[in-house]
Structures are given as structure tokens and as C-alpha cells.
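Student: Could you walk me through this structure, a bit at a time?
Tutor: Gladly; here it is.

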Amino acid sequence: MTVDARRAVYITPDQPVGGSGSGYLIGPRLVLTALHVVHDDGVRATGATVWVGHPRADTGVHKRSATILWPGHDADPDTPGVPDVALLQLDQDADADLTTAVRWGRPKGATPLAYSGIGIPAFSTRTDGAAQYENLRGELAPLTTAGRRWVLDCGIWPAAAQQKEHPWAGASGTAIFIRGYLVGVTVEYGTGMGERRLTSEPIHRLLDNPGFTALLAEHAFPDTQHTADDITALDTVASGAQAEVISGYVSHVALPAPPPSRPSDWPIRLGSVPVLASAFQARSAVRDRINRAREGHATVILTQVLSGGGGVGKTQLAAAYAHEALVDGVDLVVWVDASDIEQVIARYAHAAHAVEAPSNRLLDNSAEADAGRFLQWLATTRRSWLIVLDDLTDPEAMQAWWPPSSAFGCGRVVATTRRHDAMLSGGGRAVVHINTYSADEAEIYLRERLSSAHADHLLDTQAALLAKTLGFLPLALSHAAAYMVNEDVPCSEYLRRFNDSTARLDDLFPREADTEGYGRQVAAALLLSLDVAQVSEPVGLAVPVMRLAAVLDPAGHPRSLWTSNAVIRYISSQRTTLPEGAPRTIDPAQARAALRLLHRYGLLTDHAQAGSRAVRMHALTARAMRECTPGAAVSKVVKTAADALMELCHTVSRHGHDTTTALLTNIDSLDECAGDLLWQVDGHHVLRWAGRAIARNTAVPYWQRLVATSERQLGRTHVLTLAARRDLAMACFFDHRNKEAFAVLQEDFSYQLNGLILEETISTADGRETISAVTLLEDTVSVRQRLLGWAHPAALEGQSNLALLYWSEGNKTAAINVLERSLAGYRTTFGPSHTDTMSANNQLRIWRDQHRRHWWRHTRVPHTPVKPTEADGDRAP
């Protein structure tokens, strides 16, 4: 590979380091850069904000947070012998669908070699401060030395430094490529030739560092080598490459012809196809039904008969088709998370760029337009393709976005859903109901699952009976197998324990809530595994983690939620079983260990590659967990979930669409689970954040519901209710429902004036949100003046009350200024003899006199106090 613009990285380290630098993506979340970018003058940044990609690359630019992965804190780039190179780890994948490994190179020989790189030097920054990318290029002369570093002769260079910041500042960390090999990292400028030379840290030296190579093995792209290939000028001449002009002279070394613009080399895979489960069952009978249904239908939808949740293996079957397509060389395989229609559109839009679907950017460059282009491309291309729509939750919203039939019969769509709507079978689609395992499949699953864990000795004559007792449900069988492997108990012993625990769980999942008759058995299997997990390392954390995850969105939430302050406090306080000598307070590493423990037992899934949906709990598991949580513990669970989500809400950037979507669905789940309790524990602040983050075309009904609930819970005149009503009015304005917006504002006039001036500052728990009566009243006055005019009676009344509030809080200057403006309005509207005008005039005169006397007392020269005599002490006071 040559230097890839999609992997270019712009880095701004956190304080106190400051400044900026460049870097290069060498793994899904791994960035290579210079150490002094994040560790300068003996001070190391706590982290960094990075932008991955290039404005002119088809994948765009993605903003991410990063931490320093390597080297350790004791490494200082100013220390002799310490390589000025660092590895940063992103908080989530860069969303560029990149999988090609970086190749390392080592320049050799005597002939200079042409290099290139993409950096963000200071001299290319625009006057408005916006960073600009620069394609660095020139020659690397292997025989020119600068200590142990390579010397880079620049084909372009800035004028001599005249500003405070050096013109090459920001280029540090740029990856240097020669003929597709990454050979170094730019680290220094000014080596005796003004601005015409840079130096680069050789990458081949780092490949001898065990710590560096260990991190490559763990975090770099697959197939990344730990050795560097030698690069010489002779290799280029022998290959017949043409000469290239660099810096005004002809070099005997030339870069190969640039690759054609996107698309990438076919086949193309977009999205994360799930890994097939251990002992995955091909389920030939089910697949025969799917294949028969496909005849005459371009789309096959996998749905389920089991009501109330998943667990029958729909996604695994879809994943099997995707993996087969990849093996068979299908040109395009796209895996789409269809739980949210915006994610479907975003994935389609990305795919349109990947396949270079025809476009007219001058007419429309929106995501919806790009998604439409992709659907048109699917209908007309001769390339083979497979689209998988996983977890479709809104068939009505999906109607306009179903992939079309292929004109050449080379396309296929597989969708999974929990819904049973008749709408799913329209449009030439066939619905295939997926049931549980057959008896044979269930027994084969147990045998293969235990065998893969080298636990064949756990199989006995009760295996068939155990599978039948578990209802042949794949989810239940996976829980049981995990329990048996971890506890080293055979099928007969597990069956005995399962039956013993049934009486305890009669009320956990009643039969009337499960028409298929499997729910109770699934819940029993779940709690057996949970009991063991609770006493496994880290001891005592499984139950509180499960309770908290159970009120969140089953489709997943960000892993970073488990390092939030609210979650750490909650888990620490709820840890009932404590190892001897262990502190009660846990740290983020232990919270992460608890997630992995539950992942091993099959109680939830924890996959980093899922990004903002990394941690998931099956809906049936979540329901069972909520129903077995004691009533006294529910309020703490709800409050913790709300506080933790609010912490994440404060950190999400405006570019973090996936994270925002995940937070919105998690807030919805919490609201649905908690109901009024969310208001009672002061967790409703997340609902207001959600209202401001959702799409504008859905905001009005959301705020209408929120206002109704706030009026019921807090009261019609409560400050937070008035604030919610103002948000409702703004949502109406954005939706062009101006008449409704005016009506809401007009209804609140009297409540705002009578209520806000008497309210103190409203603070939520832990100071997360502060709503000031002054701020709200200022906003009210501003809105009235804008809508009604500055001299309207309602606007004047609001100004008078705002002046009174300023005066009561000691802000006398502001009070007088506002009342002066109000008096001018009263004179204009009512005339100088009106009682309201005269009242405002009298009040203004009184305040001015008081303010003048106050100023005189505090600015005149103080008198020298007279020392009291003894006689003075006898005087009456």
C-alpha cells in the first residue's frame, strides 16, 4: 500500500501539553505518531483528540478521543536513546473499513529514494486557524546522517520562520512512505539547511522493541509483520518504473503510478459481520426453508415465532450467509445495523462512496441522497452483492429503504427482525419463521460446544433430557454449556441443579407471559450462571453490573459507560461479597473485568469492535434480571443509569452520530423501564438532553410528552416545567408550527412572571445541571421582545420583574439599566401620566438615590477613628 489519505491523523493533545501534531492509522484503533506530540518538556498529556481521515477522502474525517498506549510514563523524548515515537489508542474504530496491514521498510544503498507523507504543518494553516493537510514529498538519502535518524530533503518547504510558531510545527508524527513501505516518523526540523530539511525516526529500529511489537500484534491490522523489508534504488530501476521530477532535478527513483480513485479493490466488505458462535449449527432444515423462500424473491427476511425477545439464532444464521458470501467471492457484502433507520441511511451513504455510485453533488450531497444513489446502483450493477439488515425494528420507516431487486439477478438481501408485521411480507419479500433447535440440533450443539472446550467428559446419558428441559432454545443451551464448563459439572448434575432451582423462579418468568413455554426455563438457566459469576473473580460484582445493564438498551451501549464516576460509585457500594483484604472501592479495570466475566458466562456480550454498541444484553435476559431485582434496589439502579448516561452525554461530540444514537436509544430504554421513578430520583435531566439531541422532525411529540409528564410530576409552575415548555415552543418553531409555539409562550406569561422571580437557583444532584431563575427570566424577556416588540405591555412587565430580581440579588447596576429601558417603553406605550409609567419612574428614582448613597459611603475617605476614653465606656449606647 502507498500512503493512504484515509489513514492520515490530525492530533491535538490535551492540556497541559497543547499544540498539535500528525499521525497515521496502523490499526482499527492504533495511531502511530511522534512521542513529543503528546509528551513535551517533561509533561505528558492525559489524552488527545484526533481526526482520522482526509477531507477529500471518500470516508471523510472522523473525530475520536485517544489515550497514550506506548511508551510508558517514564519515557521522555528529550532523553538520549529514547525513540521519539508513540502509539495512541482510539476510543472506537475510525469507521473507515480499512483492513490492509501496513508494510515496514528500511532504506538501504547509496541512491536517494523518493518519499511521501501526509501531515498538517503550521505553515499550511489558514488565517482563520483551520488546519490544512500537506502532501510532504522529497528524497531520503540513506547515506546522509543525523545521528540515528533519517534525513528528509523536502520537495516543498515554507519560508523562513517569522511567526511565533515554527512553520513545520504540526508536521511531527507524519508517517514517511517509500514505494508503499512505512520507513519512519517525522520528528524534527532545522538541521542546518533552514526549512528545507526534516528528520525522521527509523521505524525498523522499533521493530526490535518487544513492547512495541507486542502492541502491534494485539492492536494493528491483521497480518501486520514485525520485520522491515530492505528498500534500495536498484529495486525501482529493475521494475521499470519511470523517473520522477522532484525539487527541480530528476531522480532515478520514481513512485509507481497512483492507484485509480475509489472504489477499493473488489471484493468489498462494509460493516462488522459477527463472528460465528462456538459450535455454530448450520441448521440445514431451516436453511432449506430459507433457500426455498428465496426462489422468486430477491429478499429473505428471517423472523421468529418466539414472542417477547430473541435468542433463536436469527443473527447467527444471517452471519453464516455473510461469511459464505465472503468465501465465495461475492463482490459486495454490507452488514447493516438496522435497529435505527438513520444508521441504515448512513451505512448506505458510506457504501455509495465505496462503490463509486454515480452522483450529482451539485444538486444534493445529503446522506439521504447518497443512500438513494446506492440503492440505484444495487438495482443496475452486474456485480454480485449481499445486503444484511440485522435487527430491523421499524418496518414502516424501512419501507423507503429496502434494497431493490437486481436487474441482472445478482443481488440478495437477508434481514433479521423480532417483528411479525404483515408489512414485512410485502414488496416481493418472503418471511421465514425461525424456531428453536430441533432435538438433534440441540444435542449436537451440546456435544460440539463441550468438545470445543475440551470438556467431553461432561456429556452423559442425560444430555438429550437436558436439551429437552431447556426447551431446545439456543440461548438457554449456551448458558447451560457455559455453566457446565466453568463449574466442571456433567449434564446430569446440571439438570439436577436446574430442577432444584425451579421452585425459586416460579415468579421470575410466569408461564402466562410466554405462550411458547420456554421463558421460565431460560430464566432459570440464566440465574444459575449468575449465581456462579457472583462468586467468581472479581467477586461480588456480577449482580450489580447485571442489574444496571438490564435497564439499558438491549441493542448495546458504549463500553465507556462502565468507567463513569456514577457506575464506579454504584458498583462499589453494591458489592456484597468482598474478598479478604480487598478494598470496597473498585477501579475501572475491575469494572471491565466484571464485564468480561459476564461475557464468558454468556450473560451479556462485550465486543470492542461494536463501537458505541459494544456491551449488549439480550432482551430476555434483561427482562429476567429486572424482574428479580428487589424493589428497594431499583431506585439506585435507575439513578445510576441516568447519571452515567448523563456523563457520556456531556462528552459526546457533535460529530459522534453513532454515539449520540446509542445514547438516545439507551435513554429511551431507561425511561421505559423506570417510568415515574426516573423523575423521583432526579434522573429526568437525561430526558431533556435527549429532546435536544433528537431529529427536529420528531422533537415536537417528544417535548409534548415530556411537558405533560413534567407538569404531572413537578407541577405546572415549576421552573423545570417552564423550561421544558420553552423547549416545546422552540421545537414547534423549528417544525414551522409557529401558531402552536406562540400559544405555548403566551400561556406561560403569567406563570413565568409570578413564579420565576420567587424561585431560587435550581440545582440537580451533584451539580450536574443548574437552572437560574435570572437566566430563565432573561430568556423570557428576550423572547417577548423578539416576538411582541420591545414596548409591548407583556415585554415591559417582564423587564420590570427582571429589574426587581436583579435588585434583590444585589446587581443594582443591572437593575437600574433594565428599569430605565422599561420606563422608556412605558412612556411610549402608555404615556407619561399613566400609573404604570409613574410607578416605574418613582421606583427608578428611589433606586438611583440608594445606589448613589451606597457609592458615596464606599468611596469617600474614611475618618480616623477616635480612641475611646475610659469615660466613654460608661456612656449609654
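Predicted model: local features only at pLDDT ≥ 70, side-chain atom pairs only at ≥ 80, totals over all residues.

Tutor: Residues are numbered from 1 along each chain as its sequence is written, and side-chain values use heavy atoms, with hydrogens and water left out.

Student: OK, how many helices and strands does the chain have?
Tutor: The chain has 29 helices and 28 strands, where helices (H or I, at least four residues) and strands (E, at least two) are DSSP runs, numbered from the N terminus.

Student: And what share of the residues is buried?
Tutor: Of the 877 residues, 50% count as buried; buried means under 20% relative accessible area, exposed means over 50%, and partly exposed is in between, using a 1.4 Å probe and protein chains only.

Student: Which residues touch the most other members of the largest nonpolar core?
Tutor: Those are W562 and L670, in a core of 69 residues, and helix α18 (residues 631-651) gives the most to this core, with 9 residues. A nonpolar core here is a set of buried Ala, Val, Leu, Ile, Met, Phe, Trp, Tyr and Cys residues joined through side-chain atoms within 4.5 Å. Apart from it lies another core of 41 residues, with L30, A66, W70 and A75 among them.

Student: What does W562 touch?
Tutor: Not counting residues up to four places away in sequence, its contacts (heavy atoms within 4.5 Å) include V545, L548, A549, H557 and V567. In soluble globular proteins, nonpolar side chains tend to be buried together.

Student: Back to α18, at what angle does it pack with α19?
Tutor: Helix α18 and helix α19 (residues 657-674) pack at an angle of about 160°, with their axes 11 Å apart. That makes α18 roughly antiparallel to α19. Axes are lines fitted to C-alpha atoms, for helices over the stretch in contact, and angles run from 0 to 180 degrees between N-to-C directions; those under 35 degrees count as roughly parallel, over 145 as roughly antiparallel, 65 to 115 as roughly perpendicular and the rest as oblique.

Student: Which residues meet there?
Tutor: V638, A641, A642, L645, L648 and C649 of α18 meet L663, N666, I667, L670 and A674 of α19.

Student: New topic: which peptide bond is cis?
Tutor: The bond from W70 to P71 is cis, with omega near 0°, and P71 is found in the loop between β7 (61-70) and β8 (86-90). Most residues other than glycine have a negative phi, and most peptide bonds are trans.

Student: So where does D41 sit, and what is its phi?
Tutor: D41 is in the loop between β4 (39-40) and β5 (43-44), and its phi is positive, about 55°, although it is not a glycine. At 66% relative accessibility, D41 counts as exposed.

Student: And D391, buried or exposed?
Tutor: D391 counts as buried at 17% relative accessibility; D391 lies in strand β22 (residues 385-392), and its phi is near 60°, a positive value in a residue other than glycine.
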